[in-house]
Amino acid sequence: MQIWQNLILSTVFVSKIAFCFCFSFDVPLTYPNLLQTKRICCCCCYFSFDTRNGVNPPQHTHTELDYGSTEYKKWHPANFFIGCSFFLFILGMRFIGRKNKKLFWVSAIAPVLSVALSTLMVYITRADNHGVKIIQKVDAGINSSSVKQINLSGPYVTECAKITLICAVIALTEAIAVGRSFSVINRYKLDGNKEMVAMGFMNVAGSLSSCYVATGSFSRTAVNFTAGCKTVVSNVVMAATVMVALELLMKLLFYTPVSILASIILSALPGLINVQEVCILWEVDKMGFLTCMGSFLGVLFGSVEIGLSVAIGVSFAKVIVHSIRPQVQILGRLQGTDIFCNIKQYPMVCQTPAVLTTRIDTSFLCFINASFIRERIAGWVTEKLEEIRTVVLDMSNVVNIDTAGLAALEELHEELVSRGIQMAIASPGWQGIHKMKVARLVDGIGENWIFLTVGEAVEACLAIRRAGTWNAEFAITVAIAE
């Protein structure tokens, strides 16, 4: 079930890289706690928003790129050439590092070396005058404290609270998605409670220095993963490097091409896409495959939020469909045993004459599926009306039952009685039998027709048939004695 999350992670890179990339200094603690993230609150590098749409950037903004310019919307081959060239360069360095363990450092320095070389090439050739998109001005320094600007009594507090709730849900969903993807790849457990606490503290701390809402970063996590980071020490080193870069190296990033940032992120993709597992998912679970492809296409043609919404929607639809139409099975006995199995799964089992043994395969008999179950059993009885004298309901899988379920059982019992057929219940759960007693359904069916096992219920029915009488108490006593 984690494949669709991997595809979301991969597609997010592909779809967003084509538009823009910026430095994200979220510091995810990879291995073993991927998303217990610490944000270096002062070391944030942001894009500004297009003010033509009425959205103004916050006061403390370090990176300004003109996304509203007509020139940016043009496609320039030089950007594609630079991105592809360094993408292949990084993959080549990584291949060398894997083949020769002594040269492991080659793959580690490949991204930094790519940034340095591409920046130097653009500066020497002045390629920015020929269509190559560069980062341009990045303000040096770190954000100052904004604690004094927090105002919880303003007129927009209510609206902000609504937006905050939406942002929290989206951020948590994205973080858990990427976290579970990498936890499956690296075989470690993910504690959802710790992730929520970590992101909560991270955003509270970030708000004190005018940071945007932060979550587990797709890009930084993938880069850390491909660089071979194993412990949280890598994040400490990264945080210190970011602070030094913001203070001393910002002027050197003026000529850094945007496409080189895309190539660094794209280089992390090959290990995240597994087409073979998607094919296996199609063979094993068609609904799971639909969830996978829905999330993939949603992210590819929309956004991360749309992809996650599609995946969640399909998953909920799957649960609802299974709840509305649970399996109701006809059981047969394995010869020489008291084991009763589904006749479709085990064709060698034998059905007991004059007894229809069924199993309700749902944990909650409720309003959403009660009518379906009642109609299914009544339909089988109608098909074999002349042969059936007793209907045994195996309720071993039913954990709980609501008033609609009780009403459905009562209606089924009354319908069977009107046709001269007795209903027996086997293996009811303690919650179910308690509610049936309170609703006096047990009194209507008869306490003598409630059994611990399906075998006992069937033997009681056979004893009645052998005795040639419908004296239930006598027949059941004989069956128990035998």
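## A first landmark

Ala354 is found in the loop between E4 and E5, where helices (H or I, at least four residues) and strands (E, at least two) are DSSP runs numbered from the N terminus. Phi of Ala354 is near 70 degrees, a positive value in a residue other than glycine. Most residues other than glycine have a negative phi, and most peptide bonds are trans.

Before going on, a word about the model. It is predicted, so local features need pLDDT of at least 70 and side-chain atom pairs count only at pLDDT 80 or more, while totals for chains, interfaces and linings use all residues. Residues are numbered from 1 along each chain as its sequence is written, and side-chain values use heavy atoms, with hydrogens and water left out.

## The chain as a whole

The protein chain holds 17 helices and 10 strands. Of its 482 residues, 45% count as buried, meaning under 20% relative accessible area, with exposed over 50% and partly exposed in between (1.4 Å probe, protein chains only).

Contacts here are heavy atoms within 4.5 Å. Among contacts in the protein chain between residues at least 6 apart in sequence, 74% join residues at least 24 apart.

## Helices H2 and H3

Two packed helices are described by the angle between their axes and the distance between the axes. Axes are lines fitted to C-alpha atoms, for helices over the stretch in contact, and angles run from 0 to 180 degrees between N-to-C directions. Helix H2 (residues 77-99) packs with helix H3 (residues 104-125) at an angle of about 160 degrees, and their axes are 8 Å apart. That is why H2 is roughly antiparallel to H3; angles under 35 degrees count as roughly parallel, over 145 as roughly antiparallel, 65 to 115 as roughly perpendicular and the rest as oblique.

The crossing of H2 past H3 is right-handed: a crossing is left-handed if the near helix is turned anticlockwise from the far one by less than a right angle, and right-handed if clockwise. On the H2 side, the contact is made by Phe86, Phe89, Ile90, Met93, Arg94 and Gly97. H3 brings Phe104, Val106, Ser107, Ala110, Leu113, Ser114, Leu117, Ser118 and Met121. By class, this contact of H2 with H3 has 10 nonpolar, 4 polar and 1 charged residues. Ala, Val, Leu, Ile, Met, Phe, Trp, Tyr, Cys and Pro count as nonpolar, Asp, Glu, Lys and Arg as charged, and the others, Gly among them, as polar.

## Helices H9 and H10

Val278, Leu281, Trp282, Glu283 and Val284 of H9 meet Lys286, Gly288, Phe289 and Cys292 of H10. This contact of H9 with H10 has 6 nonpolar, 1 polar and 2 charged residues.

## Cysteines

How many disulfides does a search of the whole structure find? The search finds 0 disulfides, a disulfide being a pair of cysteine sulfur atoms within 2.5 Å. Cys341 is buried, with a relative accessible area of 11%, and Cys461 is buried at 5%.

Cys350 sits in the loop between strand E4 (340-342) and strand E5 (355-361). At 31% relative accessibility, Cys350 counts as partly exposed. Not counting residues up to four places away in sequence, Cys350 touches Gly332, Arg333 and Gln335. Cys350 and Leu331 are 19 residues apart along the chain, and their C-alpha atoms are separated by 8.6 Å.

Gln422 belongs to strand E9 (residues 422-426) and counts as buried at 17% relative accessibility. Gln422 and Val392 are 30 residues apart in sequence and 8.6 Å apart in space, C-alpha to C-alpha.

Ser427 lies in the loop between E9 and helix H14 (430-438). Its phi is near 55 degrees, a positive value in a residue other than glycine.
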